[in-house]
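Here's a walk through a protein model, one region at a time. Keep the structure open and follow along.

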Amino acid sequence: MKDSHSKTPLLDQVATPDALRRMSDADLTALAGELRAEVIDTVSQTGGHLGSSLGVVELTVALHAVFNTPVDKLVWDVAHQSYPHKILTGRRDRMHTLRQKGGLSGFTKRSESPYDPFGAAHSSTSISAALGFTVGRDMGQPTGDAIAVIGDGSISAGMAYEALNNAGAEGRRLFVILNDNEMSIAPPVGAMSRYLSGLYAGEPPARLDELASDINQNLPATLREGVACVRELAGGLTASGKIFEELGFDYVGPIDGHDMDQLLMVLRAARVRATGPVLIHCCTVKGKGYVPAEASDDKYHGVSKFDVQTGAMAKKAASAPSYTSVYGKALRGMAAQDPKIVAVTAAMPSGTGVNIMAEAFPDRVFDVGIAEQHAVTFSAGMAAAGLKPFCTIYSTFLQRGYDQVVHDVALQGLPVRFAIDRAGLVGADGATHAGSYDIGYLSSLPGFTVMAAADEAELVHMVATAAAHDEGPIAFRYPRGAGEGVELPQQGEVLEIGKGRVVEQGEDVAILSFGAHLGVCRKAAALLRAQGISTTLADARFAKPLDTVLLAELARDHRALITVEQGAEGGFGSIVLHELARQGAFDAGLAVRNICLPDRIIEQASPEEMYADAGMTAEDIVATVRIALGLSEDAPSLDAAE
Ligand SMILES: Cc1ncc(C[n+]2csc(CCOP(=O)(O)OP(=O)(O)O)c2C)c(N)n1
Ligand SMILES: CC(=O)[C@@H](O)[C@H](O)COP(=O)(O)O
Ligand SMILES: [Mg+2]
């Protein structure tokens, strides 16, 4: 085996984590240095979640060196910090494909590697999953220890406490590593975050080092070699994680998560001696070892491609403002006029744009941490108190608060305004982050009003409409990224509830679009026109209540009707089918087709590529129209085809 002075990089010796288990501790430290450089280099070329990955470099090396992965199950929470893990677990040569079409996922994924025992991307699931593995082990399944690695941001979610509660009572041997970098995407919030910081207040990293080496010196030789009692270590290193201890965990820490010797000592000790659940509290630095990341406000949480020397990100070509920023500004404008307007975010103030309102009205914007369930019911409470809450959550994360949407909002008819960002396919974050389901899961609820913005001007109108709507819950969805570049109104106009609009009038076919695919539909209409097919293009604006009058006219005046939406089956198209059946439109011979996300997972790629995969391009719409009209799919024109 080569030593650290060899010219061959240590990383080249690591085809799988077995190699780490044969390395000296000094080599593991050196390896971590190489790994960090490789992560920086890779992400500079692909973009991705850099800061979190840099913060767990030493921890990743130490975990794989001490535990017997993949028999032992290493479960990364969120898994946006799993890049070093991917490099060490046989995926190094494919890291340049990260987050791209056909490439490695930016998260752990069971289908990608046996070293990814549990997929993630939504937070706070790791302890539950790891506990599941321990039960599997205890019931004779071929599984070793389970180790959950969860961040200080992710441990703010209720689900993590449900798991701690269960695991503490179960008392099974389980390892939870609390990776505490005092950061979520934004600075962390909440009393638990304050409590965790309090555990090492006054103990800067240097002091932790001293503390550890003092302990090491005072330990018996056997213990120094790693045969240590977790309890003794806990006592030595402060042992004030009362809350965890009272839940039934052995608490170890806080330890310096960048000090390989401390990490190895504590992990080895825990592995040898633990009989029940153990929580190891590791202090790390988000962005560790890359100056531009450490110096930045967001610690390079999520970055585009960048220059390694300077840290400068690749500039995006000038385009229209993002939907998110249009929302943030519209909300701030409405809040200036109406003191009852408040906003709620679940740990995504800048991602959702509510930071723009917070600049002007800090006391009326609430970041509740990663706690979507609470965000919804908290909003419901404020609505019940007479306020006008804008509960602003990505479509994919609102899924976690669904029972609250049903039980606390819909059944009580409370006027919570749901601003649903990242609706539809989002690109590199892939299927876990796709906002595919909200149209269906909200429109099925009695009393809900559900809108989708066709462009950023429409979004401004929908913010105004939601602000004015006190009759019950109302939601409006809009996609990730830049708008269409349309002119923005000075002031949002309150839309008539349940009324759509005709955008282009034609005769042969009607395309009824719901939301931000309207631009693609326009292109399809132009292509159809060039083929001699005259198209009416309508923007439904509302999935619920549906504009039944507009629908009846479209059905009456055209040979075919096509619905288009950026959402899954069971959404807008299904609502339209119900209504057409009610109106007897099928009896009259109307041809109907629904264009929506197909009933399968659309894998990561650019949003355009994902929509192409889904069969939702302008050309796909044209082909669908032609088939609905009884024409050949690819004939050049109506005349030629007839
Ligand atoms: C349920 C859910 N809500 C929100 C997010 C968005 N999100 C991803 S990472 C993150 C911050 C996580 O903080 P932490 O666990 O401390 O990890 P760090 O980024 O600091 O390494 C958030 C809010 C998510 N992935 N899942
Ligand atoms: C890991 C995670 O869930 C977030 O960091 C997410 O990737 C952010 O997505 P946006 O870039 O769309 O805000
Ligand atoms: Mg954190």
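## A cis proline to begin with

Let's start at Pro-70, which sits in the loop between helix H4 (57-66) and strand E1. Helices (H or I, at least four residues) and strands (E, at least two) are DSSP runs, numbered from the N terminus. The peptide bond leading from Thr-69 into Pro-70 is cis, and its omega is near 5°. Another cis bond links Lys-544 to Pro-545, with omega about -5°. Pro-545 is in the loop between strand E15 (542-544) and helix H24 (548-557).

A quick word on ground rules: this is a predicted model, where local features need pLDDT of at least 70 and side-chain atom pairs count only at pLDDT 80 or more, while totals for chains, interfaces and linings use all residues. Residues are numbered from 1 along each chain as its sequence is written, and chains are lettered from A and ligands numbered from 1 in the order in which they are written.

## A five-stranded sheet

Now find the open sheet of five strands, with parallel pairing and the order E1-E2-E3-E5-E4. Its edge strands are E1 (73-76) and E4 (250-256), each of which pairs on one side only. Ignoring direction, neighbouring strands here are turned by 20° against each other on average. Two strands pair if DSSP finds at least two bridges between them.

E1 and strand E2 (residues 146-151) run parallel and are joined by four bridges. Look at Val-75, for example: its bridge partner in E2 is Ala-148. Then there's helix H13 (residues 260-273), lying across strand E3 (174-180), E4 and strand E5 (277-283), and running at about 165° to E4. For such angles, axes are lines fitted to C-alpha atoms (for helices, over the stretch in contact), and values run from 0 to 180 degrees between N-to-C directions.

## An enclosed strand

How many of the residues of strand E13 (residues 509-514) are buried? Six of the six are, so E13 is largely enclosed by the rest of the structure. A residue is buried if 20 or more other C-beta atoms lie within 10 Å of its own, exposed if 12 or fewer, and partly exposed in between, with C-beta atoms placed from the backbone. Both faces of E13 are covered, with Val-509, Ile-511 and Ser-513 buried on one side and Ala-510, Leu-512 and Phe-514 buried on the other.

E13 pairs with strand E14 (residues 535-539) in the parallel sense, over five bridges. Ala-510 has Thr-536 as its bridge partner in E14.

## Two positive phi angles

Arg-99 isn't a glycine, yet it has a positive phi of about 65°. You'll find Arg-99 in the loop between helix H5 (83-91) and helix H6 (126-138). Arg-99 is buried, because 20 other C-beta atoms lie within 10 Å.

Ala-121 is in the loop between H5 and H6 too. Its phi is also positive, near 155°, in a residue other than glycine. Ala-121 counts as partly exposed, because it has 19 C-beta neighbours inside 10 Å.

## Around the ligands

Which residues come nearest to ligand 1? Of the 25 around it, they are Ser-52, Ser-123, Gly-151, Gly-153 and Ser-154. A residue is near a molecule if its C-beta atom, placed from the backbone, lies within 6 Å of it. Domain 1 (10-295) and domain 2 (323-477) both give residues to this shell, so ligand 1 lies between them. Domain bounds come from an automatic or database domain assignment.

The shell around ligand 2 includes His-49, His-80, Arg-422 and Asp-429. Domain 1 and domain 2 each supply at least three residues of that shell.

## Where domains meet

The domain assignment gives domain 1 (10-295), domain 2 (323-477) and domain 3 (501-641). Taken over C-alpha atoms, the centres of domain 2 and domain 3 are 28 Å apart. In all, 23 residues of domain 2 are in contact with 28 residues of domain 3, where contact means that the C-beta atoms of two residues, placed from the backbone, lie within 7 Å.

Which element gives the most to the side of domain 2 that touches domain 3? That's E10, with four residues.
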